[in-house]
Amino acid sequence: MWGEHRYSVRTTWTGDRGTGTSGYRDYDRAVTIRIDGKPELLASSDKPFRGDPSRWNPEDLLLASLSECHLLSYLHACVQAGVVVVAYEDDASGLMVEDGHGGGAFREVVLRPRVTVAEASMTDAATAAHAQANAWCFIANSVNFPVRHEPTIEVAAP
């Protein structure tokens, strides 16, 4: 299906301590992210940027988006290839580098999916499905850094 898909989110800063942004250390980086019909997501900046480490930060959310998008695209690719996936878990990591001028960028993300398939005869197709999943992943296609894959394929115990 071809088409455009629009998404909306409301992001509200909740970190005013009473003096607004009067100084760099005078406000919290607390944020609430809302989408109608979904649970609120409590967010902040990362701890090195004076954020709350117990809350999601933008870097976490980017990494989670890439990991989930690959997972969902991969499951679809496996269905098309006749591969029965019975378990999937990813330990993804990303490298962000500061530029020394207050900015920075991700340099790469590595996805490490551990996939369990129903039968040993499916392992080659299960491995190949990662390339198709990467081609289909909307999020991976939207970033300007490499998203690498280091998959492990296992066979379910009989």
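The questions and answers that follow concern this predicted model.

Visitor: At roughly what angle do the axes of helix 1 and helix 2 cross, and which word describes helix 1 relative to helix 2?
Guide: Two packed helices are described by the angle between their axes and by the distance between those axes. Here the axes of helix 1, residues 58-81, and helix 2 come within 8 Å and cross at roughly 125°.

Visitor: Is the crossing of helix 1 and helix 2 left-handed or right-handed?
Guide: The handedness is a separate description from the angle, and for helix 1 and helix 2 the crossing is right-handed.

Visitor: Which residues make the contact, and how many of them are nonpolar, polar and charged?
Guide: Helix 1 contributes His70, Ser73, Tyr74, His76, Ala77, Cys78 and Gln80, while helix 2 contributes Ala126, Ala129, His130, Gln132, Ala133, Asn134 and Trp136. Sorted by class, the contact of helix 1 with helix 2 has seven nonpolar residues, seven polar residues and no charged residues.

Visitor: Is serine 73 buried or exposed, and which residues does it touch?
Guide: Serine 73 lies in helix 1, and because its relative accessibility of 11% falls under the 20% limit, serine 73 counts as buried. When residues up to four places away in sequence are not counted, serine 73 touches Ala133, Trp136 and Cys137.

Visitor: And on the other helix, is glutamine 132 buried or partly exposed?
Guide: Glutamine 132 lies in helix 2, and it is one of the residues that make the contact with helix 1. Because its relative accessibility is 33%, which is between the limits of 20% and 50%, glutamine 132 counts as partly exposed.

Visitor: How many aromatic pairs are there, and which kind do tyrosine 74 and tyrosine 88 form?
Guide: The count comes to three aromatic pairs. Tyrosine 74 and tyrosine 88 form a pair with 5.6 Å from centre to centre and 50° between the planes. Because planes under 30 degrees apart would count as stacked and those over 60 as edge-to-face, the pair of tyrosine 74 and tyrosine 88 is called tilted.

Visitor: Where do tyrosine 74 and tyrosine 88 lie, and how many residues apart are they?
Guide: This pair links distant parts of the chain, since tyrosine 74 is in helix 1 and tyrosine 88 is in strand 4, residues 85-90. Tyrosine 74 counts as buried at 0% relative accessibility, and tyrosine 88 also counts as buried, at 17%.

Visitor: Which kind of aromatic pair do phenylalanine 106 and phenylalanine 145 form?
Guide: Phenylalanine 106 and phenylalanine 145 are 5.6 Å apart from centre to centre, with 25° between the planes. Phenylalanine 106 is in strand 6, residues 104-111, and phenylalanine 145 is in the loop between helix 2 and strand 8, 39 residues apart. Both phenylalanine 106 and phenylalanine 145 are buried, and because planes under 30 degrees apart meet the rule, the pair is stacked.

Visitor: Is valine 110 buried or exposed, and which residues is it in contact with?
Guide: Valine 110 lies in strand 6, and because its relative accessible area is 3%, under the limit of 20%, valine 110 is buried. Leaving aside neighbours within four places in sequence, valine 110 is in contact with Asp91, Ala92, Ser93, Arg148 and Glu150.

Visitor: How far apart are the C-alpha atoms of threonine 12 and leucine 42, and of glutamine 132 and threonine 12?
Guide: Threonine 12 lies in strand 1, residues 10-13, and is partly exposed with a relative accessible area of 27%. Threonine 12 and leucine 42 are 30 residues apart in sequence, and their C-alpha atoms are 10.0 Å apart in space. For glutamine 132 and threonine 12, which are 120 residues apart along the chain, the C-alpha separation is 37 Å.

Notes: Residues numbered from 1 in each chain as written. Predicted model: local features only at pLDDT ≥ 70, side-chain atom pairs only at ≥ 80, totals over all residues. Heavy atoms only, no water. Axes fitted to C-alpha atoms, helices over the stretch in contact; angles between N-to-C directions. Helix = DSSP H or I, 4+ residues; strand = E, 2+ residues; numbered from the N terminus. Left-handed = near helix turned anticlockwise from the far one by under 90°. Contact = heavy atoms within 4.5 Å. Nonpolar A, V, L, I, M, F, W, Y, C, P; charged D, E, K, R; others polar. Phe/Tyr/Trp six-rings, centres within 6.5 Å; stacked < 30°, edge-to-face > 60°. Buried < 20%, exposed > 50% of the residue type's maximum accessible area, 1.4 Å probe, protein only.
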